[in-house]
Amino acid sequence: MRAISAEALSAQPLTREWRPSYPLDLRRSLGHLARGKGDPTQRLADGALWRTAPTPDGPGTLRLRRTTGKPAGTSDHAGPSASPPRCDTIVADAWGPGGPWLLEHLPSLLCADDDVSDFGGVLDAAPHPVLAEAWRTCGNGLRFPATRLLFDQVSVAVLEQKVTGIEARRSWRELVWRFGSPAPGPAPQGMAVAPYPADWLAIPDWEWHKAGVDLSRRRAIRAAATVAARLDQLVWGEVAEVVRILCTLPGIGPWTAAEAVQRAMSGADVVSVGDFHLPNVVGWALVGRKLDDAGMLEVLAPYAPHRARAVRLVEVGPAVRPPRRGPRFSPRDYRTF
C-alpha cells in the first residue's frame, strides 16, 4: 500500500458547501457507487457518507454531510405561496492531496450532470405502476452520480465480470487494502484509496491469485491500466462514444462499459447488457415474465434516454422478483486451484 505523509493524514480539511437545486437522495444515489457494505472506498459512519478516490492529484478522502436550508435564491421574506420547499445543503470536507480535486468536482459527484427534467414526461408516455411508485417513493431524488474517474470504475467493473457479487466484493476489498493507499484524514477504520494504474500493473500474478482474480480479468485490468490516462480524459465527452471506445479494449464488453459509464459519467441511459440476472429482474417487474437481453432492451425502449434509470427504479422499487426454482450459484475460490 502506498504511503501518505503524516501531514496529509492529519491536516485540517478543506470544506465546501453546495446546495443542489433538485431533490437528491444522497445515500441511495451514491449508494450505486459502493461495492457492498464492506467497500473500503465508501462507508456510512457517524451520520455522514465517506468516500475515497485516486484523483489525478493524489489520494483523497471526502466526507459528505447534510444540513437543511432553503433553496438557493429564495428569501426569508417571500410570501407563503412563493416559498418553495426546503432542501438540503451538502457540506463536504476533504483531506489529502486529492482533496481540492474532489471539492472541485463535487457537483458532478452529487448528480448535477444527471438531467431528469424530462423523465416525468417519459413516465407519462409509458406509464408503469412499478416505476411510478418507485419514483414517487424516492421523492424524485434517485439520480446518477459522476465520479469523473473512468479507469477507477472500469477496474472495479472488470472484477465483477462472470463471478458472484460475493466473489467480486471480496477481491475488490483485498486488492484495495493491499495495493491501494491509506485513506487521508480521519476516515473510518478499514477505509483505503483504490490503486492507481501503476499499482494495478505492479501486482504480481500470485497476489491476483490470492485475491481470487482469474487470468482473463487480470489481463483486462492491465490492458485498461496501460491507457488509463487517456480513458480519464474521455469523461467529459459523449457517453455513447466512450462506451464504443471502452469496448475496443481487450476483455471489456458492453456490460463492463455500461457499469463504468453509469458511475463515472452519469450514464443514465446505458443498460448493462450481458448481466446474468438483470433481464429476468426487469422482465418480472415490468411484464411479468422472463426476458433475454433483446427482450429487456425492447421493454426498456420507451424509457429512453433514461433506460438505466428505469432499471435502477426496478431495483429499488416494490419487490417484484422472479421465482427461485433452483440452487444458488456457489462462489468459486480460485485460491484453491
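## Helix α7 and a cavity

Helix α7 (residues 150-159) supplies three residues to the lining of the second largest cavity, the largest share. Helices are DSSP runs of H or I with at least four residues, strands are E runs with at least two, and both are numbered from the N terminus. A cavity is a set of points on a 1 Å grid over the protein atoms alone where a 1.4 Å probe fits but cannot get out; lining residues have an atom within 4 Å of a point.

The model is predicted, so local features need pLDDT of at least 70 and side-chain atom pairs pLDDT 80 or more, while totals for chains, interfaces and linings use all residues. Residues are numbered from 1 along each chain as its sequence is written, and side-chain values use heavy atoms, with hydrogens and water left out.

## Two cavities

How many cavities of 30 Å³ or more are there? The count is two. A volume here is the space filled by probe spheres set on the grid points, which are joined across faces, edges and corners.

The second largest cavity has a volume of about 70 Å³. Its lining is made of L33, R35, D39, T41, R51, D152, Q153, V156, W172 and A194. By class, four of these are nonpolar, two polar and four charged. Ala, Val, Leu, Ile, Met, Phe, Trp, Tyr, Cys and Pro count as nonpolar; Asp, Glu, Lys and Arg count as charged; the others, Gly among them, are polar.

The largest cavity holds about 90 Å³ of space. Around this cavity sit R51, T52, A53, L62, W101, L102, H105, L109, T147 and L149. Two elements, β3 (48-55) and α3 (99-104), each give two or more residues to this lining. The largest share is three residues, from β3. Here the classes are six nonpolar, three polar and one charged.

Is β3 mostly buried or exposed? Eight of its eight residues are buried, so β3 is largely enclosed by the rest of the structure. Buried means under 20% relative accessible area, exposed means over 50%, and partly exposed lies in between (1.4 Å probe, protein chains only). A48, W50, T52 and P54 point one way from the strand. L49, R51, A53 and T55 point the other way.

β3 has a partner. Strand β2 (residues 42-45) pairs with β3 in the antiparallel sense, over four bridges. Strands pair if DSSP finds at least two bridges between them. One of the bridges joins A45 to A48 of β3. The hairpin of β2 and β3 has two residues between the strands, and D46 takes a positive phi near 55° there.

## Salt bridges

The whole structure contains 17 salt bridges. Each is a side-chain nitrogen of Lys or Arg within 4 Å of a carboxyl oxygen of Asp or Glu. One of them joins R178 and E207, with the closest N and O atoms 3.2 Å apart. This pair links distant parts of the chain: R178 lies in helix α8 (residues 165-179) and E207 in helix α10 (residues 205-210), 29 residues apart. R178 is partly exposed at 28% relative accessibility, whereas E207 is buried at 14%.

E207 also meets K210 in a salt bridge (3.7 Å, N to O). K210 and E207 are three residues apart in α10, so about one helical turn separates them. K210 is partly exposed, at 42%. E174, R178, E207 and K210 are linked in a network of salt bridges.

R263 is buried at 6% relative accessibility, and E259 is buried at 10%.

## The largest nonpolar core

In soluble globular proteins, nonpolar side chains tend to be buried together. A nonpolar core is a set of buried Ala, Val, Leu, Ile, Met, Phe, Trp, Tyr and Cys residues joined through side-chain atoms within 4.5 Å. The largest core in this model has 37 residues. Those with the most contacts inside it are L150, V154, L175, W200, L246 and V261.

Which helices each supply at least two residues of this core? They are α7, α8, α11 (215-226), α12 (228-232), α13 (239-246) and α14. Helix α7 gives the most, with six residues. α7 also gives the largest share of the lining of the second largest cavity.

Key: On a 1 Å grid over the protein atoms alone, a cavity is a set of points where a 1.4 Å probe fits but cannot get out, and a pocket is an open set with protein on both sides within 12 Å along at least five of seven lines; lining residues have an atom within 4 Å of a point.
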